[in-house]
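The structure is shown first.

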Amino acid sequence: MRKSVTPGAISTLLSNSSPDSLSDIPEIIVQVVDLKPIGSSSTRFTFMASDGKMKLKAMLPTHFSSEINSGNLQNLGLIRILDYTCNSIPNQPEKALIVTKCEIVCPSLGMEIKSDVKKEETGITLKPKQEALGVTSKPKQEMVTKSAVQIVREQHGNAAPAARLAMTRRVHPLASLNPYQGNWTIKVRLTNKGNLRSYRNARGEGHVFNVELTDEDGTQIQATMFNEAATKFYPMFELGKVYYISKGSLRVANKQFKTVQNDYEMTLNENSVVEEAEGEAFVPETKYNFVRIDGLGAYVNGRELVDLIGIVQNVSSTLSIRRKSNNDTIPKRDITIADDSNKTVNVSLWNDLATDVGQQLLDMVDTSPVVAIKCLKVGDFQGVSLSTLSRSTVVINPELPETKKLRCWYDSEGKGTSMASIGSNLISPNSKPGSRSMHSDRVFLSQITDDPTLGQDKPAFFSINVYVSFIKPDQTMWYRACKTCNKKVTEAVGSGYWCESCQKNDDQCSLRYILVVKVSDPSGEAWLSVFNDPAEKIMGCSADELDRIKTEEGDEKYQLKLKEATWVPHLFRVSVAYTEYMNDRRQRITVRAEAPVDCAAESRYLLEEIHKLSVS
């Protein structure tokens, strides 16, 4: 079978920018030219769709990235477009092609197709160089366009309202949505529903809640509703049901707060359309984004959730933990998981996962089952620890390629290998907590500040040995925090303090540090952001005590306390990441852990470094 581009393919695409039905799409084969990733991403790719005469800027579906990364599709390859939409680009005359479904015709040709097409009575002729490549062209196919009304009458004359919505407006996969798209309809299952929360800010009071939506391909997106929309849709959404949704808006997701793997987040307003797909159901494909155990350190205390797969080595009995907020007792069970990084990590299962899945794991732990867990929060207890949430799922011995790989590794070598906990590896190299992390990945300040690429994609972690050289006395050094959850509180109406997280008033609050300090080492200086626990070690007292000194003993004593904290050496474990403020992206260095300088341990470290230099 000879491979060819479809003559006039770009004109065909532009003439019907959003086909009502897949049956309206003729044979369309284009060449992929100038294939490249969007930014530093390896999941979203753009290209120029070419038919030999015309080109159109285009984007491939996210799930197709595996074909590119594996080399199955390369630059100058051919693809057959099976589903698509053409969107207008703001402030530009041309359109962009969003490919939502396609298949590979040829991985790559030797050169870009450029044809001087000469129309003859018998069809279309090509240049000799194209014939040498084995490229032929087909006559343009007739395209019969059916209206939405015709489709409904022919196929679903008496369909329910939700079904009619799907037929009159073609259902789009979540992977194809972007902020510049016009009207769309999605068919999704509600896989997580948050609580209806009240908020209060400078613009007033209101209500908000979030949901997580998943389509048939397993792609997820978070949707948020405020005020009237929250009141309208909160009772309509039921966990596990399937809905058709349209007339929403998208924006780039805030990475700090997103809970699903999607570049965009959705907002539904009071004019959005949400209709239950009665009688229709589907089980979304579960898509994992596994993180190896030795890579968990980059996610500690972050908002991004992780997926994990590994061999279960140990399962504890069920414990009853009492909540501080309401004194309720909830079941908890700890399991120890290992993977082929030769590291282990502790995972806490809560509520039903502890009693149901946890009991199954306890019964079969002797067989060393493989377990895949989705949506885990990464904490810093004992260095690194994982914990399940209400949206977490646990699958025992899943049918995945990673399962077979882990099983082969464990049976061949992992079973007899001595493994270390990732927590102890990051935090404790000897008997003193925090020492090992302070002696690994050691860098000078200039190595961080002189490299603008550090932390652009994800936080980078290093250790530094520095002196605190200056603490600004006039900065806001603390915030009022809830005594239960340590989140920020606001003054309640009347008296006391309101905690948005706990949804309650309290008569008292505590102060927690949030400050910046200047540090110095032989290579230079930098400003570091420091939060409560390491800040207490720097200042030598709690924020409540420092506030008391300032208010009761006067500014002179306060200034003296700050001065006493300067020119003291510290070992810091820091993260380097980029933040955006007032449209300005800047590097931010945050202290994650602190340890005093142990002269003996520091001397051993320096001797090891000198030995490495002499050997090399």
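## Barrel strands

Aspartate 83 has lysine 101 in S5 as its opposite residue. The two strands concerned, S4 (residues 78-88) and S5 (residues 95-106), pair in the antiparallel sense through ten bridges, where pairing requires that DSSP finds at least two bridges between two strands, and where strands (E, at least two residues) and helices (H or I, at least four) are DSSP runs numbered from the N terminus.

Five strands close into a barrel with mixed pairing, in the order S1-S2-S3-S5-S4. On average, neighbouring strands of this sheet are turned by 45° against each other, direction ignored, with axes being lines fitted to C-alpha atoms and angles running from 0 to 180 degrees between N-to-C directions.

## Basis of the model

This is a predicted model, in which local features need pLDDT of at least 70 and side-chain atom pairs count only at pLDDT 80 or more, while totals for chains, interfaces and linings use all residues. Residues are numbered from 1 along each chain as its sequence is written, and side-chain values use heavy atoms, with hydrogens and water left out.

Strand S26 (residues 497-499) is joined to S27 by three bridges, the two running antiparallel, and cysteine 499 stands opposite lysine 504 in S27.

## Helix H12

Aspartate 533 is placed in helix H12, which spans residues 532-539.
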